[in-house]
Amino acid sequence: MKNIFSNKKAIIVLIACSLITIIIAIIMKITFFKPKPITEIKTNTVYIGGSRSEYPDNDQSRYYIEFKDNKTFILMYDDTRRNEENYDEDGDGSKPRLDIYFGEYEIKNGNYILKTTDSAGVSFKNTMAVAKKKINYYGRGIFEIEKYVLNQYGHNAERIIFRTGKREYILGYQDNSGNYYDKNDYYYLLFNKSDIKKLPISIEEFRKQFKMDKKAEQDRIAEQNR
């Protein structure tokens with residue numbers, strides 16, 4: 001009888017210990033591993049930006065940014081993770097794409113002022129091509145096109161990293177005052193848990209990640225030779 005009682009007590013203790021361990025693990029995950037908005041920017045660290053103030057889900061677009069010690073930055077926009085049916089919605093012509101920007105930055109009033117000096121972009125025919133890293137377009141200097149489009153809508157084409165009243169950082173475009181980000185335009189809150197630890201350090205390194213389909217490659221070479 002005593003043995004039965006002892007066994008039941010041991011089982012109860014074991015279950016209690018297991019529950020406590022699970023609860024502690026959940027608390028630690030929430031406290032230490034859940035992505036958090038950054039309140040400090042360190043160099044040589046990749047940060048991820050989710051649309052508006054949300055950490056990006058696996059199938060959402062996102063920005064990555066890294067600041068270097070020599071006052072330069074690398075910014076990459078990734079719109080390759082959506083499902084196939086989410087592209088070309090309502091005939092908008094959208095396809096999976098990756099854009100990368102290199103430039104210089106300076107810090108003013110806690111904000112990081114970005115100045116793009118070079119940029120490039122690739123696009124994919126569909127999500128299957130993304131998996132194969134097979135692109136159907138490569139372009140360099142795409143920032144000039146982006147600048148033209150944004151200027152038509154009265155926007156400054158350069159993004160800025162704004163520091164909010166909560167001491168968090170947001171990647172976005174200036175509002176009309178020029179002192180804060182435009183909440184009506186695209187902006188991205190920066191988080192500390194990037195799923196990429198290293199960004200391409202040059203346009204050439206970025207380009208070498210991909211294969212280009214034959215027709216697109218011929219078009220690119222023809223354009224270079226004009």
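The largest nonpolar core of the predicted model has 28 residues. Within this core, Met-76, Ile-100, Val-122 and Phe-206 are the residues with the most contacts. Two or more core residues come from each of several strands, namely E1 (46-51), E3 (72-79), E4 (97-108), E5 (111-123), E8 (160-163) and E10 (188-191). Helices H2 and H4 (203-207) also give two or more residues each to the core. The most is given by E4, with three residues.

A buried loop residue comes next. Leu-199 is found in the loop between E10 and H4. The relative accessible area of Leu-199 is 2%, and this residue is therefore classed as buried, the limit being under 20%. In sequence, Leu-199 and Ile-74 are 125 residues apart, yet their C-alpha atoms are 7.3 Å apart in space.

Lys-95, Lys-125, Lys-132, Lys-134 and Lys-211 form a positive surface patch. One of these lysines, Lys-132, is placed in helix H2, which covers residues 127-132. With a relative accessible area of 51%, Lys-132 counts as exposed, because the class begins over 50%.

A negative surface patch is formed by Glu-84, Glu-85, Asp-88, Glu-89, Asp-90 and Asp-92. Among them, Asp-92 lies in the loop that runs between E3 and E4.

Lys-133 is not a glycine, but has a positive phi of about 55°. This residue sits in the loop between H2 and strand E6 (134-135). Lys-133 has a relative accessible area of 42%, so it is partly exposed, falling between the limits of 20% and 50%. Arg-167, likewise not a glycine, has a positive phi of about 70°. The place of Arg-167 is in the loop between E8 and strand E9 (169-172).

Key: Residues numbered from 1 in each chain as written. Predicted model: local features only at pLDDT ≥ 70, side-chain atom pairs only at ≥ 80, totals over all residues. Heavy atoms only, no water. Patch = residues over 30% accessible without salt bridge, like charges linked within 9 Å, V, L, I, M, F, W, Y side chains within 5 Å. Areas by Shrake-Rupley, 256 points an atom, 1.4 Å probe, with all protein chains shown as cover. Salt bridge = Lys/Arg side-chain N within 4 Å of Asp/Glu carboxyl O. Lys, Arg positive; Asp, Glu negative; His and termini not counted. Charge placed at Lys NZ, Arg CZ, Asp CG, Glu CD. Helix = DSSP H or I, 4+ residues; strand = E, 2+ residues; numbered from the N terminus. Buried < 20%, exposed > 50% of the residue type's maximum accessible area, 1.4 Å probe, protein only. Core = buried A, V, L, I, M, F, W, Y, C linked by side-chain atoms within 4.5 Å.
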